[in-house]
Amino acid sequence: MKHVDVLVRGAGIVGQSLALSLARLGLQVGLCAEPPRPAGTPDVRAYALNAASVALLRSLKVWDSLPAQAATPVYDMHVQGDAEGAAIDFSAWEQKVGELAWIVDAPVLERELGAAVRFSPHIHALAPAAAERVGADLTALCEGKGSASRARLGVGFERHDYGHSAIAARLVAARPHGGTARQWFRSPDVLALLPFDSPQPSCSYALVWSMPRERCRELMALDDTAFVSALMEATRGEAGELTLASPRAEWPLAIAEASAWSGPGWVLLGDAAHVVHPLAGQGLNLGLADVIALTRVIAAREPWRPLGDERLLRRYARERTLPTWAMAQVTDGLLQLFAQPAPAVRELRNRGLSLVNQLTPLKRWLTARALDA
């Protein structure tokens, strides 16, 4: 193969979703995958997907092929501050939707996307060396925050390191989760237990626990028994007795954005364009929203306008820059607010949680923004 309409670099969830979306438009797509994850490396990633992301995956004929235990609905969310009684609750019933979100097993989703890619006659898998010899009207970079192709284009990537890291793991609880996600905002850490149905249906959680890097190293150095003891202390046993059901993984946290999202013949999507703190669980949703927007822009282009036209790609960048910036500011602002140890700030933020919990219209508005992001 010497030429494709679109070359997608990066075959993660965003890259594969984009390839499938563009193939549905009848375009010839080259998909260049990164080297596979090293054997034996645990993959405990789990993502919270909103309604828009689920609708995209369903349109790609992927969502309904997921095993039942790989996608768990969230019906309620309980968020606690760092003072007694400071909390806010969200519910699907209050929002008049079937569920607030779905917690999805990332490696299983990638596997099902990969199966769909292999059955698509318009998608051509390319090894990195082969991709260098293939011409393309448009190159879409979905390689993640460390994108080498972005760097070769000379695009800047302004990154602010929080000095925090996140720990992820799979857990099993002694009592059912009931479809409730639990989150604790406390200076200086944020802990989330996301309801999951694997390895034990109705009684599992995906853990995402972010904290200062030094504290993260201390927890990662503990044996499983001591780590679970620290986790039980942090959750106050509110989710029941917890046990580890997987190895632990960690990664550094940062906020970042590319200096440009598009140019003549190229475009950025997902973490190659933007990175946000995981406390709101919107990282993958933002990437899949990029896929939706770029596909829509390409589908609506004038017949005479080429795929790599700079003005065409700016339409995509304009559509996605503001909502992504807004989500980054929200997550960063929440993190900074709850990182402040000053008593006055602590009292203000906890009163704010309790106040919002009493304002049903405001809660509905906040939930709707997350569902539509």
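Start by selecting serine 120: setting aside neighbours within four places in sequence, its contacts (heavy atoms within 4.5 Å) are Leu20 and Ala23. Serine 120 sits in the loop between α4 (106-118) and β8 (123-126); helices (H or I, at least four residues) and strands (E, at least two) are DSSP runs, numbered from the N terminus. Is serine 120 buried or exposed? At 13% relative accessibility, serine 120 counts as buried, where buried means under 20% relative accessible area, exposed over 50%, and partly exposed in between (1.4 Å probe, protein chains only).

A word on what is on your screen. This is a predicted model, in which local features need pLDDT of at least 70 and side-chain atom pairs count only at pLDDT 80 or more, while totals for chains, interfaces and linings use all residues. Residues are numbered from 1 along each chain as its sequence is written, and side-chain values use heavy atoms, with hydrogens and water left out.

**The whole chain**

Zoom out for a moment. The protein chain has 12 helices and 18 strands, and 52% of its 373 residues count as buried. Among contacts in the chain with a separation of 6 or more, 74% are between residues 24 or more positions apart.

**Two helices side by side**

Now colour helix α1 (residues 13-23) and α4. Their axes come within 10 Å and cross at roughly 30°; axes are lines fitted to C-alpha atoms, for helices over the stretch in contact, and angles run from 0 to 180 degrees between N-to-C directions. That makes α1 roughly parallel to α4 (angles under 35 degrees count as roughly parallel, over 145 as roughly antiparallel, 65 to 115 as roughly perpendicular and the rest as oblique). To see the contact, select Ile13, Gln16, Ser17 and Leu20 of α1, then Ala106, Leu109, Glu110, Leu113, Gly114, Ala116 and Val117 of α4.

Next, pick glutamine 16, which is found in helix α1. Glutamine 16 is buried, with a relative accessible area of 7%. Beyond its neighbours within four places in sequence, glutamine 16 touches Gly10, Ala11, Leu31, Glu110, Leu113, Gly114 and Val117.

**Into the cores**

Which residues touch the most other members of the largest nonpolar core? In this set of 55 residues, they are Leu18, Leu49, Trp63, Leu109 and Leu269. A nonpolar core is a set of buried Ala, Val, Leu, Ile, Met, Phe, Trp, Tyr and Cys residues joined through side-chain atoms within 4.5 Å. Another core, of 22 residues, lies apart from it; Met211, Met232, Ala239 and Leu244 are among its members.

With neighbours within four places in sequence left aside, leucine 269 contacts Val14, Leu18, Ala140, Leu141, Cys142, Asp290, Val291, Leu294 and Tyr316.

**Backbone stops**

Most residues other than glycine have a negative phi, and most peptide bonds are trans. Go to the loop between β12 (189-196) and β13 (204-212), where proline 199 lies. A cis peptide bond joins serine 198 and proline 199, with omega about 10°. Serine 202 lies in the loop between β12 and β13, and its phi is positive, near 70°. At 38% relative accessibility, serine 202 counts as partly exposed.

Finish at lysine 61, in the loop between α2 (51-59) and β4 (71-74). Lysine 61 is not a glycine, yet it has a positive phi of about 65°. At 70% relative accessibility, lysine 61 counts as exposed.
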